[in-house]
Amino acid sequence: MQEVLLELLEQCVDGLWKAERYEVISEISKLIIPIYEKRREFESFFEEEDGKEYIYKEPKLTGLSEISLRLVKLYGEKFGTENVKIIQDSDKVNVKELDPKYAHIQVTYVKPYFDDKELTERKTEFERNHNINRFVFEAPYTLSGKKQGCIEEQCKRRTILTTSNSFPYVKKRIPINYEQQINLKPIDVATDEIKDKTAELQKLCSSADVDMIQLQLKLQGCVSVQVNAGPLAYARAFLNDSQASKYPPKKVNELKDMFRKFIQACSIALELNERLIKEDQIEYHEGLKSNFRDMVKELSDIIHEQASIRVVENENVIWGP
């Protein structure tokens, strides 16, 4: 609406100029000048800070909504609350598509990033929370343009951010000075998901003070044998004879190897749960064990490897060709 008004006023000035009605032009200009001044103000919201990215360190359990409200309040005092827009989307923002009338702030959640070598070196919680300068966030996408799709078409974009200094730091925020993007194809996403589930179980089992609620919740999600849910869905999608031939053998073998580690982690977690549960949870635990056996059997059939489950006082899984 403002653009239309501005265009009409400029046409009016042009007509008055041609008609040599100079005394009226100044009155019309009084309407045009404030619009240009406001536009200039919008175009320089953040000045030298425009486009810069930072990692903020916040207390645990701080939600994105809380941070967003704080930023709206902070910049709203400067620009006016109605002129501040929060973008809570991990996708790359196309600046040309943003409305220049608003100050846009993109907010997303990140977590510390460690490669495999660092994970073996940083064994304690202290080591994994100090001297941190790399962070990661992920965004799902499909080649068709949709964010979410079926397992066979679900891709993931991993963005690794490096800061100019390491946390903990004297300041609450540190600027980002390097960004790396890695695109994971569907079979890579499957391997990554199984790897994460394995790591979660291993972390819970190695804790000095085991969180029984979290352990059982993770186990329940891991040993699910539903048709379109749980880890088995990835095995059905990528490791079946009819599907595996569509993917590079190296990728297929990586997924198989990750499933072997995953099954071992589930076995250890079940053993730990059996040792710690009380009598009123025995039936629940037996249900988990039954689902686990079914999962191992189906996985064995899919990848053509035998898994021997021996039940003595606990369960051990031995994989063999």
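Buried means under 20% relative accessible area, exposed means over 50%, and partly exposed lies in between (1.4 Å probe, protein chains only). This is a predicted model, in which local features need pLDDT of at least 70 and side-chain atom pairs count only at pLDDT 80 or more, while totals for chains, interfaces and linings use all residues. Residues are numbered from 1 along each chain as its sequence is written, and side-chain values use heavy atoms, with hydrogens and water left out.

**Overall picture**

- The protein chain has ten helices and nine strands. Helices (H or I, at least four residues) and strands (E, at least two) are DSSP runs, numbered from the N terminus.
- Of the 321 residues in the protein chain, 36% are buried.
- Contact means heavy atoms within 4.5 Å. Among contacts in the protein chain with a separation of 6 or more, 56% join residues 24 or more positions apart.

**Helix 3**

- Helix 3 covers residues 64-79, 16 residues in all. From first C-alpha to last it reaches 21 Å, close to the 22 Å expected at 1.5 Å a residue. The expected span is 1.5 Å times one less than the number of residues in the helix.
- Its buried residues are I67, S68, L71, V72, G76 and F79. They cover an arc of only 160° around the axis, which puts them on the same side of helix 3. The arc is that of the directions from the helix axis to the C-beta atoms.
- An α-helix has 3.6 residues a turn, so residues three or four places apart point the same way.
- L69, K73 and E77 are exposed on the other side of helix 3.
- The cover over the buried residues of helix 3 includes strand 2 (84-87) and strand 3 (103-106).

**Helix 5**

- Helix 5 has 21 residues, running over 186-206. Its reach from first C-alpha to last is 30 Å, close to the 30 Å expected at 1.5 Å a residue.

**Helix 6**

- The buried residues of helix 6 are M212, L215, Q216, L219 and C222. They cover an arc of only 130° around the axis, which puts them on the same side of helix 6.
- I213 and L217 are exposed, on the face of helix 6 turned away from its buried side.
- Helix 5, helix 9 and helix 10 are what the buried residues of helix 6 pack against.

- Two packed helices are described by the angle between their axes and the distance between the axes. Here, axes are lines fitted to C-alpha atoms, for helices over the stretch in contact, and angles run from 0 to 180 degrees between N-to-C directions.
- The axes of helix 5 and helix 6 (residues 212-222) come within 10 Å and cross at roughly 150°. Helix 5 and helix 6 are therefore roughly antiparallel. Angles under 35 degrees count as roughly parallel, over 145 as roughly antiparallel, 65 to 115 as roughly perpendicular and the rest as oblique.
- Helix 5 passes helix 6 in a left-handed crossing. A crossing is left-handed if the near helix is turned anticlockwise from the far one by less than a right angle, and right-handed if clockwise.
- On helix 5, the contact is made by K197, E200, L201, L204 and C205; on helix 6, by Q214, L215, K218, L219 and C222.
- Helix 6 also crosses helix 10 (residues 282-303), with axes that come within 10 Å at roughly 35°. This crossing is left-handed.
- Q216, L219, Q220 and C222 of helix 6 meet Y284, L288 and M295 of helix 10.

**Backbone details in loops**

- The peptide bond from F167 to P168 is cis, with omega near -5°. P168 sits in the loop between strand 6 and strand 7.
- L61 is not a glycine, yet has a positive phi of about 70°. L61 lies in the loop between strand 1 (54-56) and helix 3. With 88% relative accessibility, L61 counts as exposed.
- N131 is not a glycine either, and has a positive phi of about 60°. The loop between helix 4 (116-121) and strand 5 holds N131.

- K261 lies in helix 9 and is partly exposed, at a relative accessible area of 43%.
- K261 and K195 are 66 residues apart in sequence, and their C-alpha atoms are 8.4 Å apart in space.
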